[in-house]
Amino acid sequence: MTQHTTNNTHDDLAFGVDIGGSGVKGALVNVRTGELVSERQKIKTPQPSTPDAVAEVVRQLVDAEHWDGPVGITVPSVVREQVALTAANIDPLWIGTHVQDLFQGHLGAREITVLNDADAAGLAEVRFGDPTARTGAVMMLTFGTGIGTALLIDGELYPNTELGHLPFGSTTAEKYASSKVREKENLSYADWAQRVDEVMHAYSKLFNPLTFVVGGGISRDADRWVPLLTVEQDVVPAQLRNEAGIIGAALAVKENTKP
Ligand code: BGC
């Protein structure tokens, strides 16, 4: 267990959880500084990834820190008024689930906010990342099992955009250029960057953002593929890397952002 003491008053803290197709990650976050104040823990996403099985894993993460305060949670789904409407890389049973009730059932009565994973990452980058992320029309892309998207205008979020599912040739953007596809097809960074570039040109044509912010685990290796992109916009690697979802989830519950 981590001591949540020095420089972290209880009021600044929330637990953030990022649920993905392969892992459920969580940590206690200081939402004033954007820092993780406990070590990031990760548990494999249970299979099947039903709502109850995943919520139980979230309870384990939160209990391991002996945390009884607010919890923000991301899911790879559209979440409108705390109901999951899609389930792209998790069990279809999520569709129609009232996610706040679900997690309250497992974590007990406390403040809980659930939001889309890419939206959470966008909120975190706006607050704690590169200043360009909060300037004008920004499109944030997260590359992982799928492609997540967040549209931001001067730091304000238009929630639940699902542009990873944009039809693309005979397939969709995320089935063509997610980082999972790169691994599965064993693509070099150059070959994968070319696909990402094509997808970003399509986004550029349709949305004309001022800047793209690119995140997800693969932003660690940004210098190997970002320079190969040819879109006219600046492409800024996300600064919070793999932790943006956790931090954004914690921010959302503290600020009562409920898309
Ligand atoms: C889902 C989105 C999610 C993205 C990244 C997509 O398949 O539809 O809701 O943000 O993957 O996880």
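Which elements each supply at least two residues of the lining of the second largest pocket?

A: They are α4 (173-177) and α5. This is a predicted model, in which local features need pLDDT of at least 70, side-chain atom pairs count only at pLDDT 80 or more, and totals for chains, interfaces and linings use all residues. Residues are numbered from 1 along each chain as its sequence is written, and side-chain values use heavy atoms, without hydrogens and water.

Helices here are DSSP runs (H or I, at least four residues), numbered from the N terminus. A pocket is found on a 1 Å grid over the protein atoms alone: an open set of points where a 1.4 Å probe fits, with protein on both sides within 12 Å along at least five of seven lines. Lining residues have an atom within 4 Å of a point.

The second largest pocket holds about 180 Å³ of space, counted as the space filled by probe spheres set on the points. α5 gives the most to its lining, with three residues. Among the lining residues are Asn89, Thr145, His165, Glu174 and Lys180. By class, the lining has one nonpolar, five polar and five charged residues. Asp, Glu, Lys and Arg count as charged; Ala, Val, Leu, Ile, Met, Phe, Trp, Tyr, Cys and Pro as nonpolar; the others, Gly among them, as polar.

Now the largest pocket. Its volume is about 980 Å³. α5 gives the most to this lining too, with four residues. The ligand sits in the largest pocket, with more than half of its atoms within 2 Å of the grid points.
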